[in-house]
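Biologist: I would like to go through this model with you. Could you take me through the main points?

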Amino acid sequence: MAGAAETAGTGGAASRMKILLAVLVAIIIVLAGALAYVATLPRGPTGGPVTYLIGVEIAITNQYATDGPLRRDGAYLAIDQMNAQLLAAGSPIQFQRIHEDSGGSPTGATNSFNALLSAGVKIVVGPLSSGEVNAVMPLANANQVVAISPSSTAPSLAVDDYMFRVAPNDAFQARALAKLLQDQAITKVGVIARDDDYGRGLANLLKSTYEAAPYSGQVTLVMYDPTATTHTTEVGLLSTAINGFGADAQTAVLIIAFEPDGVDILNLARQDTPLSSVRWFGSETLRRTAFFPPTAAPEIGQFVVQRNLTGFFPSAVRNPVVVKFEADYNAAFSRAPSPYAYYSYDAAMLLMLSVLRAGTYDGPAVRAMLPVVGQTYIGASGHKIFDQYGDYAAADYRVWHATFDGTNYAFTEVGTWFYATGNLVWD
Amino acid sequence: MADLLFLYTSIATLFGIYAILALSFNLEYGYAGQPNLGKVFFFSIGAYVAGILVAHGTAALTGYTGDLFTAQAANARLLYAAANPGTILSFFIGALALAGLVGAGFGVLASYPALRLRGDFLAIVLIAVGEVGRVFVRVYTPLAGGNIGIGGVPSPFVFLGDRGARVAFSVLVLLLALGTFLFASRLSNSPLGRLLKSVRDDELASNVFGKRTPWVKAQILAVGSGIAAIAGVLWAFWFQTVAADDFIPQLTFLVVAMVLLGGAGNHRGVLVGAITMTVLDHVTRPSFYAILGFEANLAFDINYLRYILIGLMIILILMFRPGGLLPEKPVRTPALDIARALRRPAPAADTLQAERTQPP
C-alpha cells in the first residue's frame with residue numbers, strides 16, 4: 001500500500017508540475033503573440049503624421065551619471081527643434097525619440113542597441129565611448145542601422161561602416177597638447193590617465209608625439225582603473241614621478257579623467273607638495289563645471305585655478321550658431337550645455353537632415369547621404385566634414401584655462417590651435 | 001516597424017545565460033553554502049577562452065600578424081567567419097569544452113581559501129580574486145586586448161545569416177540551460193547533493209560522520225566554476241565582444257539577486273528568478289513602450305524608473321517572501337517519499353479496493 005501511495009504522491013506532484021508548466025508556456029505564447037499583434041498595428045490615423053524613430057543611446061548612469069544627461073539633452077534639443085520646424089513648414093514628418101541608457105559598458109550598449117533594433121529604429125545618436133562603439137559596430141553593420149557617436153575618439157575604430165563619429169580623433173588633441181606644452185616651456189610631463197580606450201589612447205599618443213622631435217620632452221604615464229573609487233596609489237606614483245622630474249617650472253601634470261575620478265585625483269593632488277607646486281594641464285574632458293564649486297569642493301576649485309589648469313576642446317570659434325545653441329539649450333533645460341552636448345546636438349541634426357534629404361527612412365540611403373549633408377553642415381561644434389571612414393575629418397581646438405573672478409568660476413577661452421597649420425594662436 | 005525577433009532572441013539568450021550562471025551559483029551557495037562572490041571571474045574565464053581562441057586562432061590560420069584588437073581586425077574576423085563557417089563552429093565547440101575545463105581548474109584553486117575561511121570572509125576573498133583577474137587581463141594587453149578587449153567574435157551559426165544565426169543561437173542557449181538544469185537537479189538529489197547540504201548546515205557534523213568536507217568544497221566549486229565558464233563562452237559569442245569592463249562585481253550581484261529572488265536551494269526557483277529579472281529588464285525599457293505604441297516623453301527620464309522598479313520589486317519580495325518566490329524544499333529521496341505517503345490520510349474504501357485488485 002505504501003508503494004502505491006508513494007506512486008500516487010509522486011505522480012500527483014509530477015502532474016501538478018506538468019499542468020503548471022503547460023499553463024506557463026501557454027501564457028508566454030499568448031503574451032508573445034499579443035505583443036507581435038500590437039507591434040504590427042498601424043500608428044496614428046491614415047494620412048496623418050509620418051513618424052520616424054530616432055534612437056538616443058546615451059549613458060546616463062555609472063561614469064556618465066553627471067555628464068550623460070547633459071549630452072542626452074543636446075540630442076533632445078535637436079529633435080524638438082527639428083519637429084517644430086517641420087510642423088511650422090507643414091510637413092507631415094515628425095521624429096520620435098527613444099532614449100536607452102547603455103550604462104556606459106560594452107554589453108550594456110549592445111543590449112540597448114538590440115532594444116532599439118526591436119523597436120524598428122534605423123538611426124541612432126550614440127553610443128558615447130569607444131568601448132561601446134566597438135561593441136555595437138557589428139550590430140549596426142549587420143542590420144544597416146546608421147549610428148553617430150558624439151564622443152568616441154579612439155583612432156583604432158576608424159573603419160568604413162555604419163558607425164560615424166562627429167568628435168575628432170584623439171591624434172589631433174595629442175598634437176595640440178604637444179604644441180601647447182612646448183609653447184609653455186614645459187619639458188617634463190607626468191600624465192595620469194584613465195586606463196580605458198580613451199585615456200590610454202590619448203596618453204600614448206601624447207607620449208609618442210612629445211618624446212619625438214621636435215619636442216624631445218620626457219613623459220611618464222600613470223594609468224588608473226576607471227572603475228576604481230579611490231586613487232591614492234596612483235596619485236602617490238604621480239607625485240614620485242613629478243618629484244623625480246624636479247617639480248620645477250619646466251615640469252607639469254596632464255590629467256586625463258572624467259568627473260568622479262578626476263575630482264578624487266584633484267582632491268588628493270592638492271594635498272601633495274610636489275603636485276601642488278607644478279603647472280596642470282587637462283584633457284578636453286576636464287572642461288566641465290563638475291570640477292568647480294558648488295559641484296566640487298571649494299578647495300578643488302581653488303586648486304585648479306591656482307595651478308592654472310589649461311586644456312583644449314574641439315569646438316568652433318564662437319559664432320552665431322554656437323550662441324543660438326547655447327541660448328536655446330539654456331532656455332529648454334535651465335542649465336548650460338556641457339562640451340559634448342554640442343556634439344550630440346549635431347549628431348542628431350545630421351541624422352535627421354540625412355533622412356529628410358534621402359527622402360526615405362532607410363539605413364543604406366541615410367548612410368550614403370550623411371557625408372553629403374556633412375559637407376555643407378555647420379553646427380554647434382563646427383563643420384562636419386567626414387573622412388573616408390565616416391569620422392570627423394579634422395578640427396581646430398580652442399584653448400581654455402580655469403579662472404575665478406571673485407564670484408564665479410569659468411573656463412575662459414584664450415586661443416586656438418589650427419589643425420591645418422599646427423600653429424597655436426592666442427586671442 | 002517593430003522587429004520582435006531582436007526582443008525575443010535577446011530575452012531567450014540572456015535568460016539562458018543567466019539561468020546557467022545562476023544555477024552554478026545555486027549549487028555552490030544554495031546547496032553547499034559557499035558564497036562564491038567571485039562568480040564573475042569564472043564567468044569571464046569562459047568569455048576570454050572564447051575570445052582568445054577565436055582571435056589568436058583565426059590569426060594563426062590566416063597568417064595575420066597585425067594588431068588583433070583593432071576594429072579592422074575584428075571586421076576581418078567576421079569576414080573570415082562568413083567564408084569559413086565550419087572553422088568558427090569548431091572554435092565554438094572547442095571553446096565550450098576548454099572553458100569548462102579551465103573554469104573547473106580555477107574552481108579547484110578557489111577552494112583553497114574556502115578551507116580556512118567561511119561566510120563573509122570567503123565571499124570577500126573571492127570578490128578580490130575576481131577583481132585581480134579582471135585587472136590583470138585589462139593591463140596585460142597582448143593576451144586579450146587590454147582595456148579595448150576583443151571584438152569580432154562571430155556567431156557560430158554565421159552560415160544561417162544574421163537573423164537565422166540569432167534564432168539558432170538562442171535555441172542552443174536555451175537547450176544548454178535546460179541541460180544544466182537537469183544536471184543540477186540530478187546532482188542535488190543525489191547522495192552528493194545531500195552531502196552538500198550537510199556541509200552547508202553543519203560542516204563540523206559532516207566531518208564527525210567521516211565526510212571529507214574540503215574535497216566536497218573543491219568538487220562543487222569545480223563544477224560550479226566550470227558551468228559558469230561555459231556561460232561565459234555563450235556570452236562572448238552572443239555579444240561578439242569580450243571587454244574587461246563587463247566583468248565587474250555587479251554582474252555577480254545580479255546573479256545573486258536572481259538566486260535570492262527565485263529561492264536559494266531550489267533550482268526551479270532560480271529559473272524563475274532568472275526569467276523574472278531578464279524579462280523585467282526588457283519590458284521596462286523605453287524601446288518596449290515604443291513597440292506598444294507609447295511615446296514615453298515624460299518629465300523625468302524613464303530609464304531611471306526602470307532601475308527603481310526592479311530594485312523595489314526585489315526589496316518587496318525579500319521582505320514578504322525571504323525564502324524567495326519558490327523556497328527551498330527537502331531533497332527528494334525514496335525515504336522522503338515513503339515518509340510523506342505514510343503521513344497522508346487513509347485512502348478511501350474504493351481506492352483500497354482498486355489497490356487490492358492490482359497485480360502484486
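Modeller: Four salt bridges are counted between chain B and chain A, a salt bridge being a side-chain nitrogen of Lys or Arg within 4 Å of a carboxyl oxygen of Asp or Glu. This is a predicted model, in which local features need pLDDT of at least 70, side-chain atom pairs count only at pLDDT 80 or more, and totals for chains, interfaces and linings use all residues. Side-chain values use heavy atoms, without hydrogens and water.

Biologist: Which side chain does B:Asp301 meet in a salt bridge?

Modeller: B:Asp301 pairs with A:Arg72, at 2.6 Å from N to O.

Biologist: What area is buried between chain B and chain A?

Modeller: About 4700 Å², with 55% from carbon and sulfur atoms; buried area is the accessible area (1.4 Å probe) that two parts lose on being put together, summed over both. In residues, 54 of chain B are in contact with 59 of chain A, where contact means heavy atoms within 4.5 Å.

Biologist: Changing topic, is B:Lys217 buried or exposed?

Modeller: B:Lys217 counts as buried because its relative accessibility is 2%; buried means under 20% relative accessible area, exposed over 50%, and partly exposed in between (1.4 Å probe, protein chains only).

Biologist: Where is the place of B:Lys217?

Modeller: B:Lys217 is in helix H10 (residues 213–239) of chain B; helices are DSSP runs of H or I with at least four residues, numbered from the N terminus.

Biologist: Which residues is B:Lys217 in contact with, leaving aside neighbours within four places in sequence?

Modeller: Those contacts are B:Gln34, B:Ser111, B:Ala114, B:Leu115, B:Val199 and B:Glu203.

Notes. Residues are numbered from 1 along each chain as its sequence is written. Chains are lettered from A and ligands numbered from 1 in the order in which they are written. Helices (H or I, at least four residues) and strands (E, at least two) are DSSP runs, numbered from the N terminus.
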